[in-house]
Amino acid sequence: MPTLTVGQIPAAMREARQLGIRSVKVFAESTQRDGAGEFSVVPDALMARAVRAAKDAEPEIAVMTETCLCSYTDTGFCYVTDRHGRPDIAATTDVTSRQAVAHAAAGADIVGPASMVVGTSKGAREALNASGHESVSIMPHVIFWSSLYDGFRLTMGATPQAGSDREFQINPGKPEQFIDTALQLVGDGADMLLLEPAMFSADVLTELRKRTLAPLFPFSVSGEYTTLSHVDSATGKRDVRRLVELFTMLKRAGAEASITYAALDIARHLND
Ligand SMILES: NCC(=O)CCC(=O)O
Ligand SMILES: [Zn+2]
């Protein structure tokens, strides 16, 4: 998967603005890890520097972040584990809530609890309110298991070392569980919901569109980017036509907007 250094962010943001993109979502790949994910909240942590670089370059573009631990734990899990290797819910909520505050302090407009650990959205909301960041929004991820995440995990060095990261993600055979979780998150203070993987959650998007007023954002994940688009060897451009068709369908189904790694390529394609 393509990545940027912090130094490359300003140019990408300027191009995004010129092409009419109004928001970006940032993921940070940390090389420093420990058992508790504390490198995500040190002063000048990678995500905070990335957010600051983006907002300094283009203050009008909304910046969304991810609050999660898979890029910061030595296990590669999205949550802190206790000495028995079991998820430690309280510790996970504590550190991801501090991430939310750190991202907001760096200028983020929307933070995205992504571990699916119950309580992390509520925790982030309370921590943001207690630190004067009432206007920062929360967009939690609602996630079906999928092999489409493999490319992201490989790129981010976030493949769990043992077992799988399905603990809190939802079995794709249980759509009602996905819907219940999404509605519960709205009850916990989510301002909007991110649904992933985009292409395999169109049915629950349609259902949720009828059941909540919260804006719904399908997230087209790494496997969708790598399998539905490719660089055309003749033109050197990324052929994004299949992705455009996917996002057109999702818009029909009720998506507010879709999130994609191909945003710049699609905007270039549409502006051609
Ligand atoms: N929490 C980060 C993701 O879910 C990314 C998935 C992907 O792009 O494959
Ligand atoms: Zn994660």
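**Exercise 1.** Determine at what angle α2 and α3 pack and how far apart their axes lie, and then name the residues through which they meet.

*Solution.* The model is a predicted one, in which local features need pLDDT of at least 70 and side-chain atom pairs count only at pLDDT 80 or more, whereas totals for chains, interfaces and linings use all residues. Residues are numbered from 1 along each chain as its sequence is written, while chains are lettered from A and ligands numbered from 1 in the order in which they are written.

Step 1: the two helices (DSSP runs of H or I, at least four residues, numbered from the N terminus, as are strands, E, at least two) pack at an angle of about 25 degrees, with their axes 8 Å apart. Such axes are lines fitted to C-alpha atoms, for helices over the stretch in contact, and the angles run from 0 to 180 degrees between N-to-C directions.

Step 2: α2 and α3 are therefore roughly parallel to each other, given that angles under 35 degrees count as roughly parallel, over 145 as roughly antiparallel, 65 to 115 as roughly perpendicular and the rest as oblique.

Step 3: on the α2 side Met 47, Ala 48, Val 51 and Arg 52 meet Ala 102, His 103 and Ala 106 of α3, where contact requires C-beta atoms, placed from the backbone, within 7 Å. This contact of α2 with α3 has 5 nonpolar, 1 polar and 1 charged residues (Ala, Val, Leu, Ile, Met, Phe, Trp, Tyr, Cys and Pro are nonpolar, Asp, Glu, Lys and Arg charged, and the others, Gly among them, polar).

**Exercise 2.** Work out how α1 is set against α2, and how α3 is set against α4.

*Solution.* Step 1: helix α1 (residues 9–19) packs on α2 at about 45 degrees, with the axes 8 Å apart, and these two helices are therefore oblique to each other. Ile 9, Pro 10, Met 13 and Arg 14 of α1 make the contact with Ala 50, Ala 53, Ala 54 and Ala 57 of α2, and its residues divide into 7 nonpolar, no polar and 1 charged.

Step 2: helix α3 (residues 89–106) and helix α4 (residues 120–130) also pack at about 45 degrees, their axes being 8 Å apart, and are therefore oblique to each other. From α3 the contact includes Thr 92, Thr 93 and Arg 98, and from α4 it includes Gly 123 and Leu 128. The residues of this contact of α3 with α4 divide into 6 nonpolar, 6 polar and 1 charged.

**Exercise 3.** Find the order of the strands in the open sheet, and explain why β5 and β10 each have one side without a neighbour.

*Solution.* Step 1: the sheet has 4 strands in the order β5-β6-β7-β10, with parallel pairing (two strands pair if DSSP finds at least two bridges between them).

Step 2: β5 (141–143) and β10 (259–260) stand at the edges with a single partner strand each, so one side of each lacks a neighbour in the sheet.

Step 3: strand β6 (residues 193–196) pairs with strand β7 (residues 216–220) over 3 bridges, and Leu 193 has Leu 216 as its bridge partner in β7. Helix α6 (residues 175–187) packs on the sheet, touching β5 and β6, and its direction makes about 170 degrees with that of β5.

**Exercise 4.** Locate the cis peptide bond, and find the loop in which Asp 44 has its place.

*Solution.* Step 1: the cis peptide bond joins Glu 196 and Pro 197, with omega about -5 degrees, and Pro 197 lies in the loop between β6 and α7 (202–211).

Step 2: Asp 44 is placed in the loop between β1 (23–25) and α2 (46–57), and its phi is near 65 degrees, a positive value in a residue other than glycine.

Conventions: Contact = placed C-beta atoms within 7 Å.
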